[in-house]
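Me: I've got a structure here and a few things I'd like to work through. Can we go step by step?

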Amino acid sequence: MKLPRSAVIVGGNRTPFVKAGGAYAQASNLDLLTAALDGLAARFGLAGRRLDEVAGGAVLKHSADFNLTREAVLGSALDPTTPAVDLQQACGTGLETVLYVANKIALGQADSGIGAGVDSASDAPITVTDGLRRALLAANRAKTLPQRLEALARIRPHHLLPIAPQVVEPRTGLSMGEHQAATTASWGITRAAQDELALTSHQNLAAAWDAGFFDDLVTAYHGVTRDGLLRADTSAEKLAALKPVFGGAEGTMTAGNSTALTDGAAAVLLAEQSWAKANGLPALARIVDAQVAAIDHTSGDDLLLAPAHAVARLLERQGMQLGDFAFYEIHEAFAGTVLATLAAWESAQFCSDRLGLAKPLGSIERAKLNVHGSSLAAGHPFAATGGRIVASLAKTLHTEGSGARGLVSICAAGGQGVVAILEAV
Amino acid sequence: MSVLEQLLYSAPGQLVAEKLGLPEPEVLRRGRKLPAGAVVTAALAGSTLATDTLALLGVPIDSALRDDGAEPPAYPERIGALVIDARGLRQLVELEGLRAVLRPAMKGLEASGRVVVLADAEVEGLEANAVRQGLDGINRTVGKELRHGATSNLIYCSPSITGAELASTMSFLLEGRSAFVDGQSWTVGSPLTPPGELATRPLLDRIVVVTGSARGIGARIAGVAARDGAKVVCVDVPAAGEALAAVANRLGGTALQLDITAAEAGERIAAHVASRYGEQARIHGLVHNAGITRDKLLANTDAARWGQVIEVNLAAQLRINPVLLDGRPGGLGDDARIVSIASTSGIAGNRGQANYAASKAGVVGLVRAFAAEVAERGITVNAVAPGFIETDMTAKIPFVQREVFRRTNSLGQGGDPIDVAETIGYFLDPASAGVSGQVIRVCGQNLVGA
Ligand SMILES: NC(=O)c1ccc[n+]([C@@H]2O[C@H](COP(=O)([O-])OP(=O)(O)OC[C@H]3O[C@@H](n4cnc5c(N)ncnc54)[C@H](O)[C@@H]3O)[C@@H](O)[C@H]2O)c1
């Protein structure tokens with residue numbers, strides 16, 4: 001469906017991403033998200049201006065941060081009468097917030113807005129054990145002091161151990177890495193291919209930094225001026241020397257070809273195209289369409305291949321081919337995820353059995369993939385990744401020239417995937 | 001602040017400082033504020049320029065007292081400023097007129113009061129030239145003799161100048177904006193295009209680009225431009241982005257993360273302006289403030305230290321200016337204002353700063369030549385040469401040396417970044433069309449670089 005109004009990406013801003021527990025160890029989700037909004041406001045002169053809505057989210061979130069995005073807006077340079085909403089769809093969050101705002105703009109419910117995401121694995125909420133929680137709740141309900149003491153007396157030493165959040169699928173008990181390890185193995189993805197993809201990611205990201213590509217996409221934070229996980233000097237040899245971390249001793253997945261826990265925030269400014277023009281704002285690319293899909297990993301589907309399904313449905317709806325894009329952004333949760341996705345698109349069997357297509361989606365030119373690096377090199381602060389990708393891709397497409405299209409593919413926990421098409425204005 | 005410094009500026013420390021003969025620095029009158037006392041004038045050779053200009057400013061005036069009789073007269077109340085119109089003076093004997101009006105004023109001037117002398121920029125004949133320069137000697141001496149933050153400055157006026165053309169200069173000199181400008185002289189001419197009207201927000205809706213504005217003097221320049229109504233584009237290196245964003249947001253401007261030494265820096269500034277403020281938008285003010293020091297004695301200076309300083313402080317602006325002047329969207333408009341930052345170290349030379357002095361003296365040379373080149377487009381080019389200004393840059397100087405720098409000027413204190421910013425604001429003013437090719441030292445009449 002072609003709507004009369006176009007949601008365009010005006011630009012973006014993010015903090016440099018750093019390893020969890022590093023330079024941002026003392027920064028909260030709120031601090032990081034506020035910083036991302038402030039950098040965006042400064043870049044586009046939004047200080048004191050009211051936008052129609054800011055959508056944001058975090059995957060690891062304290063219950064006290066129930067209104068995280070609204071609080072970030074209040075702490076930012078934006079006009080305090082800018083409303084905000086929190087959204088969450090695991091690693092799809094960042095892209096979903098962008099789509100939420102874009103859809104409102106397309107429908108005429110908004111003229112301008114920000115899609116944002118943040119995650120601080122350093123600021124992750126630590127929960128208490130169920131035993132401790134029950135005892136505390138009982139003590140709280142108690143009417144008298146003896147009753148209260150009795151409730152508290154039920155606490156046992158093992159109740160006091162904190163529980164840190166884990167990246168584990170609740171229904172399978174497997175970590176995301178273990179899920180991917182199974183996928184990587186079943187698709188026959190080699191260690192060498194994964195390491196090569198990781199190396200390219202670092203090389204592309206380093207080259208982009210050196211070329212000043214991020215000068216108008218990133219704002220320094222807490223003295224950090226570049227992505228902290230980037231290893232510009234890594235090599236095939238160094239990556240090959242790393243020990244497997246998933247898939248057992250024979251596994252092919254290492255810390256080098258899997259993303260690390262990361263802290264960071266990203267924000268994308270969106271506007272109705274003519275509104276942007278009238279307000280002296282640039283337009284980089286428009287959001288053409290998007291699709292979310294889910295698979296059933298509880299009955300054996302590959303956990304992180306839902307985006308392949310989403311892409312098939314999206315292309316079908318748009319009457320497009322997989323080869324119709326100038327650039328592809330496939331989120332590098334793991335090198336194996338990207339390679340399995342590419343393999344799935346090429347596989348006649350997968351495309352026919354799982355996607356119901358007469359012929360495979362086909363292959364893409366690798367030179368068009370993640371051209372400015374992706375999550376393996378930049379890091380992956382869960383909800384911030386979508387914003388990073390959208391802003392970078394929009395800029396890349398705009399430089400390529402009007403009409404250039406890009407495809408974004410992001411996998412998420414719970415067997416979900418979000419994909420979107422952008423087109424340079 | 002170092003321990004020694006804290007000591008000196010603490011209450012008991014003040015006592016020690018007095019004993020050491022270090023007077024407590026006067027708190028200077030600053031901002032868009034006229035003197036409290038009366039503005040008195042003396043036209044020594046019948047020129048009406050001073051009275052015309054003050055009338056335009058709406059400043060009421062009285063006649064200056066003259067020391068003509070046996071007893072020198074005394075002002076019954078402190079006066080705020082003495083404006084001496086010395087245009088038309090050609091003979092040495094006429095200098096006596098200055099003495100006669102200055103004598104009562106030296107004691108009668110209020111704290112942060114002003115002496116302003118107007119003189120002819122162009123004179124003919126040997127005696128007239130001697131008189132012309134003699135006035136500068138008087139001005140500098142008055143600056144040194146005045147106490148309590150009062151200043152003296154001399155304006156050389158072109159022959160056909162009108163009150164309207166001088167108004168922005170007179171307003172700047174009388175107001176607190178010129179607090180740290182002392183003992184200086186510069187020339188105001190008759191521009192080809194008429195000057196803009198005086199206004200309290202002279203830069204309203206105009207675009208002003210300030211490089212190096214994440215902190216220090218640059219942040220204050222952006223602040224003054226915003227106060228005066230400008231839409232500010234704050235430029236600094238990406239590494240300073242967090243502070244830059246805070247400045248831009250506070251001032252309602254935009255931030256452009258850019259290393260001005262990048263090859264396409266000029267293009268990127270124009271592209272930013274055009275994309276944020278529209279294809280028709282033009283830059284009114286371009287302030288080349290970004291600067292670095294890499295101090296070492298020449299004996300220890302390598303090519304890298306040498307080159308870096310010249311690149312940032314001088315070469316970058318030489319590349320950026322022509323790009324922004326070529327008529328492209330987001331470039332400099334007609335009647336634009338270009339301002340650079342020189343330094344008293346550049347004018348005087350400074351031990352350990354050969355590279356910096358080269359770049360800053362170079363700025364002076366550039367400004368003078370450039371002003372002539374763009375005059376017919378109504379564009380002005382000027383520079384300020386700050387003396388000792390309290391910033392992160394000068395906080396790096398060892399304390400004792402720093403204290404010496406602070407004290408060795410007529411105002412007995414370091415300048416505030418706002419003082420440099422206000423002087424730049426005066427250059428940026430559309431009403432300052434007649435001020436071009438000038439270098440104003442903002443140094444409290446520092447002994448260095450006279
Ligand atoms: N502080 C003084 O007493 C004094 C005296 C004379 C002249 N100055 C001059 O005044 C100007 C400002 O000085 P300050 O004391 O505020 O210094 P500062 O060091 O506090 O600020 C200078 C700013 O320029 C920026 N900058 C440096 N290189 C840059 C580049 N390549 N591209 C973009 N931005 C860059 C820096 O990041 C910094 O934010 C400088 O030109 C300096 O030489 C200062």
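Me: Which helix of chain A is A:H202 found in?
Reply: Keep in mind that this is a predicted model. Look for the helix of chain A that covers residues 191–210.

Me: Is A:H202 buried or exposed?
Reply: Buried means under 20% relative accessible area. A:H202 has 6% relative accessibility, so it counts as buried.

Me: Leaving aside neighbours within four places in sequence, which residues is A:H202 in contact with?
Reply: Contact here means heavy atoms within 4.5 Å. With those sequence neighbours left aside, A:H202 is in contact with A:L229, A:L230, A:R231, A:T234, A:L376 and A:A377.

Me: Over to chain B: how far apart do the C-alpha centres of domain 1 and domain 2 of chain B lie?
Reply: The domain assignment gives domain 1 as 38–188 and domain 2 as 207–442 in chain B. Their C-alpha centres lie apart by 30 Å.

Me: What area is buried between domain 1 of chain B and domain 2 of chain B?
Reply: The size of an interface is often given as the accessible area lost when the parts come together. Between domain 1 of chain B and domain 2 of chain B, carbon and sulfur atoms give 60% of that area, and the total is about 1,700 Å².

Me: How many residue pairs are in polar contact across the interface of domain 1 of chain B and domain 2 of chain B?
Reply: Salt bridges don't feature, as the count between domain 1 of chain B and domain 2 of chain B is zero. For polar contacts, with both residues at pLDDT 80 or more, the number of pairs is five.

How values were computed: Residues are numbered from 1 along each chain as its sequence is written. Chains are lettered from A and ligands numbered from 1 in the order in which they are written. This is a predicted model: local features need pLDDT of at least 70, side-chain atom pairs count only at pLDDT 80 or more; totals for chains, interfaces and linings use all residues. Side-chain values use heavy atoms; hydrogens and water are left out. Helices (H or I, at least four residues) and strands (E, at least two) are DSSP runs, numbered from the N terminus. Buried means under 20% relative accessible area, exposed over 50%, partly exposed in between (1.4 Å probe, protein chains only). Domain bounds come from an automatic or database domain assignment. Buried area is the accessible area (1.4 Å probe) that two parts lose on being put together, summed over both. A salt bridge is a side-chain nitrogen of Lys or Arg within 4 Å of a carboxyl oxygen of Asp or Glu. A polar contact is a pair of N or O atoms within 3.5 Å; within protein, one must be able to donate a hydrogen and the other to accept it, and residues adjacent in sequence count only if both atoms are side-chain atoms.
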